[in-house]
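Please read the following briefing alongside the sequence and the coordinates.

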Amino acid sequence: MQKSKVIIELQNVCKYYKMGENILKAVDGVSLQIREGEFVAIMGPSGSGKSTMMNLIGSLDVPTKGKILLENQDISTLTESDLAQIRGKKIGFIFQSFNLINNLTAKENVSLPMIFQGYSDEEREFRTAKLLALVTLKDRMDHLPTELSGGQQQRVAIARALSNSPEVILADEPTGNLDTKTGETVMDFLKDLNKKGKTIVMVTHDPNLAKHFAKIVYWLKDGKVEKVTKHD
Amino acid sequence: MIKDFFSLAFKNLKSRGIRSYLTLLGIAIGVMAVVSLISLGNGLQMAVAAQFGVSANQLITVQAGGLTGYGPPGSAVVDPLTKEDADALARLSSVENTVTRNIRSAQVEYNDRIQFRYVGSMPNEKNDLDLVYTSLDVETVSGKKLKPGDMGKVMLGYNFYGKPEEWDGKQITAGKSILINNKKFEVVGIFEKKGSLILDNVVFMPEDDMRHLLEMDDIADLIVVEPKDKDQIDKTKEDIEKLLRNRRNVKEGEENFEVSTPEASLATINSVLNGVQIFIIIVASISIFIGSLGIVNTMTTSVLERKRDIGITKSVGAKNEHIFLQFFIESSLLGLVGGLAGALLGITIGVLGIYGINNALGTQLKPHIDFLLIFFALLGSFIIGGVAGIIPAMKAAKQNPVEALRG
């Protein structure tokens, strides 16, 4: 089988934080490749550096050392504005605590990322309706996040993550704040998206979730990749 | 995209608490002060002018001794004007007519109460009387006006009728009799309220009665001059001054009399009003400055409160300048809300003020609503809001997305 192209590549990436006298090595020399269409999980106990790695891959943060290539473009040297553009275009975030903006309705939350990419009003309207239909929340589109259940909020977040048709979906503990059953629904959406060709990188501390859904699991410990397991 | 930032800013304004709107009081009060001042417009001038008894008629008044003495005009003058002076003035080519007036204080008794009031003379000739009525612009609320040849009769200011408490609760109306310096006079009429301390408390008495009662011979406390050509009022004034200098044997610059035109009286009032306006504008500026500090404060708080929202917005692709714009526009709109509240309050005060002045003076003034001024006041508030929001908006824009997402 021909391998798909590499979409994300980390080359000896380090992220150090200065904590007074000490230096905290949150990510310490990680190298890996993520290919288009893969479902990758980053596993590890808390403090292992998974969230930092997620921020680096999502171009929310820049590494202290090393290179991060997103579709062969080195993002570790970009300006804040360029990073914002890349985030908006190529990456969709799903967070553990949903992170919807509370005074915006479901519809407005989903269309927010499109504002920064300069979509026209009609286009935004059309795409938002389609995305909310995809996560089966079309009838809830004028509700505020506080009027939605956790599972519904996370589905709005998924729709928002998809709004600019990103290459990669980054999910940080997407089921962490949900009960098992709603968590499964959310995971099913992610699985579906992956089947349709989206690259998904999921950070989790739940080994079952990782084994069940991800094809490749990177196990992190103390900022280093400890082992890599593959499932089919 | 800017349109979207405006609609986002509107949503944020809507979800803001009362606290952020309280910080707008400064701007609102500043704008209110300016707008109400302008809306009152010449109403304020009219109100003050009425208090000083200045009428808008094109008449010249001549007094002896200048305006520096205390008491009613003429009462403390060494070399008073006379009826002869008035006749001489009437013969000037630029003068149409002259009327002498006397104003003195006298003791008024009614219902066993004694009060001291100004007494003003009314001329005997019909033409002269008409001129005085025109210049005073009065109508009666009770009874009728004095007629030529009405001896032993008086006409009273509104307060004799409207403030019975000054006479032990007994109202004075037409037909009643009062004692002036112990002589009995019949009241023929009460004239309407003028809003002036002098006119509302005055007793008008036929000239001959007054000369007799107060032993005045042919002294004229005031000579009212009607110019022939109302556009040549300054020239008429010069003629009067020249003639009186000759008659009274004084040099130019050493006059012991004063010729005043309505313009000059209004100029004095206007200079007082200008002072008031400058004061109000200073207060308004201070208030607006403090108001803008309030906006800086509420916007800074809001940046801290919405740190997580900033992080989220950045994570979905907002650049620093997008975040800046969003907060900047919100702050500008906040200023605009303050300005809008101020403008509405200012117009309300202006309208109520004019209504009050009309009620007090019986005038028919209209509030002066200057839409251009209101537009600039609103634009100004919008800009002040924006300027106040610059530093908070920069703070918001500079948030590190990772830290901001932690909230």
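A residue is called buried if 20 or more other C-beta atoms lie within 10 Å of its own, exposed if 12 or fewer do, and partly exposed in between, with C-beta atoms placed from the backbone. By that criterion six of the six residues of strand β8 (residues 199-204) of chain A are buried, so this strand is largely enclosed by the rest of the structure. The model is a predicted one, in which local features need pLDDT of at least 70 and side-chain atom pairs count only at pLDDT 80 or more, while totals for chains, interfaces and linings use all residues. Residues are numbered from 1 along each chain as its sequence is written, and chains are lettered from A and ligands numbered from 1 in the order in which they are written.

- Helices (H or I, at least four residues) and strands (E, at least two) are DSSP runs, numbered from the N terminus.
- From β7(A) the chain passes through helix α6 (residues 180-195) of chain A to reach β8(A), in a β-α-β crossover that is right-handed, a term meaning that, with the strands pointing away from the viewer, the path from the first strand over the helix to the second runs clockwise.

**Chain A as a whole**

- Chain A contains seven helices and 10 strands, and its radius of gyration of 17 Å is close to the 17 Å that the globule rule gives for 232 residues, so chain A is as compact as a globular protein of that length.
- The radius of gyration is taken over C-alpha atoms, and the globule rule is 2.2 Å times the number of residues to the power 0.38.
- Of the 232 residues in chain A, 48% are buried, and its C-alpha atoms fill a box of roughly 50 × 45 × 40 Å along the principal axes.

**Chain B as a whole**

- Chain B has 14 helices and 13 strands, and its radius of gyration is 32 Å, well over the 22 Å that the globule rule gives for 407 residues, so chain B is more spread out than a compact globule.
- The C-alpha atoms of chain B fill a box of roughly 100 × 55 × 30 Å along the principal axes, and 42% of the 407 residues count as buried.
- An automatic or database domain assignment divides chain B into domain 1 (2-50 + 266-406), domain 2 (66-100 + 218-255) and domain 3 (103-215).

**Where parts touch**

- Two residues are in contact if their C-beta atoms, placed from the backbone, lie within 7 Å; 22 residues from chain A and 17 residues from chain B take part in the contact.
- On the side of chain A that touches chain B, α2(A) gives the most, with six residues.
- Within chain B, 10 residues of domain 2 are in contact with 10 residues of domain 3, and β12(B) provides the largest share of the domain 2 side, three residues.
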